[in-house]
Amino acid sequence: MGTMTLVRPGLAGLVAETRELTRRIADPRATAFAVADALRARLPSPEILTDEERLGDPDHYVVHTLHVESAFSVVAVVWRPGQETVIHDHIAWCVFGVLQGVEYETLYRDEGDHLTEIGRTANQTGEVSGFAPPGDIHRVRNTGETTAISLHVYGADLGAAPSSVRRVYDLPVR
């Protein structure tokens with residue numbers, strides 16, 4: 001009996017270019033910006049996921065791991081309306097592109113005993129952004145009425161690390 005390989009339209013080119021960039025660029029911030037440019041030029045459609053994967057889960061957002069290697073990982077996140085992350089930051093640089101819907105992000109600064117909101121962004125379909133720690137404390141949510149899908153490239157081996165999250169913040173927001 002043979003095995004079936006799932007073809008992810010647009011993934012191979014993005015992986016090849018990201019691999020080359022992570023080999024060539026050592027600075028995390030510069031890597032994030034270069035990978036963001038690559039993703040912007042190669043942003044796939046929602047069909048990078050199967051019909052079933054695009055459905056999401058009514059109880060929480062769903063992360064689909066699409067590619068993992070030592071220098072980076074690629075995941076797709078499916079957000080049903082109202083779903084959100086906790087306030088968190090990351091272990092490595094991250095780049096994301098919105099494939100469908102709107103991904104709403106709130107940014108925070110750690111003041112020691114509380115968090116201060118420092119910005120809000122509604123990332124629309126087709127938009128790409130990237131960042132590198134420190135200063136990446138945020139919460140992401142789907143405030144829309146339809147399912148949102150985003151593609152994330154993390155500068156970490158998510159096969160070896162349990163998550164891209166470094167720290168969860170439960171400080172009050174002022």
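Strands β1 (62–68), β2, β3 (88–90), β4, β5 (103–110), β8 (138–141) and β9 each put at least two residues into the lining of the largest pocket. Strands here are DSSP runs of E with at least two residues, helices are runs of H or I with at least four, and both are numbered from the N terminus. The structure is a predicted model, so local features need pLDDT of at least 70 and side-chain atom pairs count only at pLDDT 80 or more, while totals for chains, interfaces and linings use all residues. Residues are numbered from 1 along each chain as its sequence is written, and side-chain values use heavy atoms, with hydrogens and water left out.

Back to the pocket. On a 1 Å grid over the protein atoms alone, a pocket is an open set of points where a 1.4 Å probe fits, with protein on both sides within 12 Å along at least five of seven lines, and a lining residue has an atom within 4 Å of a point. The largest pocket holds about 380 Å³ of space, where the volume is that filled by probe spheres set on the points, and points are joined across faces, edges and corners. Its lining has 25 residues, with Y61, V63, H90, Y154 and S164 nearest the centre. The biggest contribution, 3 residues, is from β2. Sorted by class, the lining of the largest pocket splits into 15 nonpolar, 8 polar and 2 charged residues.

Next, the nonpolar packing. A nonpolar core is a set of buried Ala, Val, Leu, Ile, Met, Phe, Trp, Tyr and Cys residues joined through side-chain atoms within 4.5 Å; buried means under 20% relative accessible area, exposed means over 50%, and partly exposed is in between (1.4 Å probe, protein chains only). In the largest core, which has 25 residues, L66, V74, W93, V95, L151 and V153 touch the most other members. At least two residues of this core come from each of α1 (11–24), α2 (28–42), β2 (73–79), β4 (94–100) and β9 (148–154), and α2 has the largest share with 6. Apart from this core sits another one of 12 residues, including W79, A92, F96 and L158. In soluble globular proteins, nonpolar side chains tend to be buried together.

L151 shows how this looks at one residue. Contact here means heavy atoms within 4.5 Å. Ignoring neighbours within four places in sequence, L151 is in contact with L14, L39, P44, I48, L66, V74, V75, A76, V95, F96, G97 and L99. I48 is in the loop between α2 and α3 (51–54) and counts as buried because its relative accessible area is 2%. Not counting residues up to four places away, I48 touches R8, P9, L11, L66, L99 and L151. Along the chain I48 and L99 are 51 residues apart, yet their C-alpha atoms are 9.4 Å apart in space.

N123 belongs to strand β6 (residues 115–123) and is buried, given its 5% relative accessibility. Beyond its neighbours within four places, N123 contacts F96, V98, G101, V102, E103 and E105. E127 is in the loop between β6 and β7 (128–131) and, at 35% relative accessibility, is partly exposed. With neighbours within four places again left aside, E127 contacts F96, G97, V98 and A122. A salt bridge is a side-chain nitrogen of Lys or Arg within 4 Å of a carboxyl oxygen of Asp or Glu, and the count comes to 13. E20 pairs with R24, the closest N and O atoms being 3.5 Å apart; both lie in helix α1, 4 residues apart, about one turn of the helix. E20 is partly exposed at 39% relative accessibility, whereas R24 is exposed at 56%. D37 and R40 form a salt bridge at 2.8 Å, N to O. Because they are 3 residues apart in helix α2, about one helical turn separates D37 and R40. R120 bridges to E117, with the closest N and O atoms 2.4 Å apart; R120 is exposed at 56% relative accessibility, and E117 is partly exposed at 31%. Salt bridges that share partners also join E84, R139 and R141 into one network.

Notes:
Ala, Val, Leu, Ile, Met, Phe, Trp, Tyr, Cys and Pro count as nonpolar, Asp, Glu, Lys and Arg as charged, and the others, Gly among them, as polar.
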